[in-house]
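Here is a short briefing to read beside the structure. It takes the sheet, then a helix, then the salt bridges.

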Amino acid sequence: MAGVQTAVALRELGHTGPVTVIGAEPHQPYDRPPLSKAVLLGTAEGSAFEVDFEGLGIELRLGLAVTGLRPAARELDTEAGPVPYGVLVLATGAEPVALPGAEGVPGVHLLRTLDDAERLRPVLARQHDVVVVGAGWIGAEFATAARAAGCAVTVVEAAARPLAGALPAEVTTPMADWYAEAGAELITDARVASVEPGAVVLSGGRRIAAGAVVVGIGARPATAWLAGSGIATGPDGSITADEGLRTGLPGVYAVGDCASFPSARYGRRLLVHHWDNALQGPRTVASNIIRDLEAAARPEGAPPGPGVAPAVYDPVPYFWSEQFGRFVQYAGDHAGADTLLWRGDPADAAWSVLWLRGGALVAVLAVGRPRDLSQGRRIIQSGGRLDPVAAADPATPLKAAAR
C-alpha cells in the first residue's frame with residue numbers, strides 16, 4: 001500500500017521523471033486487509049490494486065528482493081544486480097514475528113502475504129482443528145474466519161487477556177467473552193512450550209490437537225536488510241524518519257509500517273502498523289520529494305518558487321478490525337490520557353470508550369458505533385475538549401459534547 005500510493009501520489013502531484021516500484025513478491029501489488037477476511041474465506045480471489053501502472057508510467061519490478069543499500073553510490077543491491085536511484089522511498093512494511101521453535105514444523109502458518117492466505121484457505125475448507133497463537137488483532141480476525149468456516153478454534157495467549165499490548169485491561173476484559181460467544185476457546189496466561197505435527201503443547205503440559213497452527217504474535221518493521229547502510233533505526237526496528245518522513249540520508253525517505261515518526265500532536269514518536277497509515281503517509285512523502293527536487297535544481301541564490309509547501313506528517317492514527325460479528329474502530333493514541341470515559345455498556349452489542357488528556361479528546365474506541373468514531377476523530381484532529389458528563393451519555397452525539 002505505502003509504496004504504490006507513493007508512486008501514484010508522485011504522478012498526481014506532477015512528477016514526470018521515472019518512477020519504479022520494486023517488490024519481492026511476484027504478485028501484482030495488492031491490498032492486505034482482505035487477506036484475513038474475503039480472500040481467506042474464498043469469497044474473493046485476490047485484492048490487487050486497481051491502478052493503471054502502465055498508463056501512469058510507473059515501472060513495476062516484481063519478484064525482486066532487495067538485499068542491501070549503498071547510499072554513497074546511490075545503489076540498491078538486488079538479486080538481479082545493483083539498481084541505481086536518485087530518490088529512494090523505503091516502504092518495506094512489517095514482517096510477522098515467528099514462534100520460536102515452530103519454524104519448519106508442518107502445519108504452522110503465518111498470515112501476512114497473499115501466498116500465506118492461499119495456503120491457509122484449503123486448511124479452513126477442510127475444517128481442521130485450528131490453534132491460533134496470539135489474541136491480538138490478527139489472531140482475533142483469523143479466529144473469526146476459522147469459526148465462520150466451521151473449524152474448531154482454540155486461541156492461546158501468553159498475556160492475561162486479549163489485546164494486552166494494544167488496549168488497557170478495563171477495555172479488553174469484556175472482549176474476552178466474544179471468543180466463547182463465537183464458539184472459540186480462549187486460553188490466557190498460557191505459553192507454548194512446543195509445536196509438534198498435529199499438536200501444540202503448553203508450558204503447563206496441556207496438549208491441544210491442531211490440524212493447523214496459525215501464529216499471530218506480532219510484527220516487526222522489515223528493516224534488517226538495512227544493517228550497515230547508515231539508516232538509523234529505533235529499538236523496535238523502525239526507521240526513525242523525521243516529521244516529513246525523511247531519513248537521515250540524502251534523498252532517502254521512509255513510509256508505512258517500516259517507519260516511525262515524531263508526533264507533535266501526541267508528544268512522542270509513533271510507529272503505526274495499520275492500513276490507514278500506509279494510505280496517508282505517501283502523500284506527505286511525495287510532496288516533500290517534489291519540493292526537495294525543486295530546491296536541489298534551483299540555482300544557488302535564486303528565490304524559491306511557489307512549488308509545493310513542506311509537508312508535515314502528524315495524523316490521528318486510525319484502524320479497524322472485524323471480529324466475531326463486531327466492527328471495531330480506533331482513532332488516536334491513548335498513551336498519555338488521564339481520563340477514560342465509557343459510552344454504553346460493554347455487555348451490549350455497541351459501545352465506545354473515550355480517552356481524554358486535560359479535558360481534550362485524544363483517542364476513541366468504537367464497537368458498533370461508527371458515528372462515535374467519525375465524530376471523535378474530527379474532534380481529536382481539531383484538538384477539541386469534551387464535557388465529560390455529556391460525552392459519557394451514549395444518547396448524546398459526541399459532537400454535541402464538544403466545547
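In what order do the strands of the open sheet of 5 strands lie? The order is 8-15-9-10-11, and the pairing is parallel. Keep in mind that this is a predicted model.

**The open sheet**
- Strand 8 (108-109) and strand 11 (185-187) form the edges. Each has a single partner strand, so one side of each lacks a neighbour in the sheet.
- Strand 8 runs parallel to strand 15 (residues 212-215), joined by 2 bridges.
- In this pair, histidine 109 sits opposite valine 214 of strand 15.
- Helix 5 (residues 137-148) lies across strands 9 (130-133), 10 (153-156) and 15. Its angle to strand 10 is about 170°.

**Helix 8**
- Helix 8 (residues 275-297) has 23 residues, which should span 33 Å at 1.5 Å a residue. Its end C-alpha atoms are 34 Å apart, in agreement.
- Its buried residues include Asp276, Gly281, Pro282 and Ile290.
- Among the elements covering the buried residues of helix 8 are helix 1 (2-12), strand 19 (259-263) and helix 9 (370-382).

**Salt bridges**
- The whole structure holds 16 salt bridges.
- Glutamate 181 pairs with arginine 326, with the closest N and O atoms 2.8 Å apart. The partners lie in helix 7 and strand 22, 145 residues apart.
- Glutamate 181 is exposed, at 56% relative accessible area. Arginine 326 is buried, at 17%.
- Arginine 377 and aspartate 276 meet at 3.0 Å, N to O. Arginine 377 is in helix 9 and aspartate 276 in helix 8, so the pair ties together parts 101 residues apart in sequence.
- Aspartate 276 is buried, at 8% relative accessible area.
- Aspartate 372 and arginine 369 form a salt bridge at 2.6 Å, and both are buried.

Definitions and conventions. Residues are numbered from 1 along each chain as its sequence is written. This is a predicted model: local features need pLDDT of at least 70, side-chain atom pairs count only at pLDDT 80 or more; totals for chains, interfaces and linings use all residues. Side-chain values use heavy atoms; hydrogens and water are left out. Two strands pair if DSSP finds at least two bridges between them. Helices (H or I, at least four residues) and strands (E, at least two) are DSSP runs, numbered from the N terminus. Contact means heavy atoms within 4.5 Å. Axes are lines fitted to C-alpha atoms, for helices over the stretch in contact, and angles run from 0 to 180 degrees between N-to-C directions. The expected span of a helix is 1.5 Å times one less than its number of residues. Buried means under 20% relative accessible area, exposed over 50%, partly exposed in between (1.4 Å probe, protein chains only). A salt bridge is a side-chain nitrogen of Lys or Arg within 4 Å of a carboxyl oxygen of Asp or Glu.
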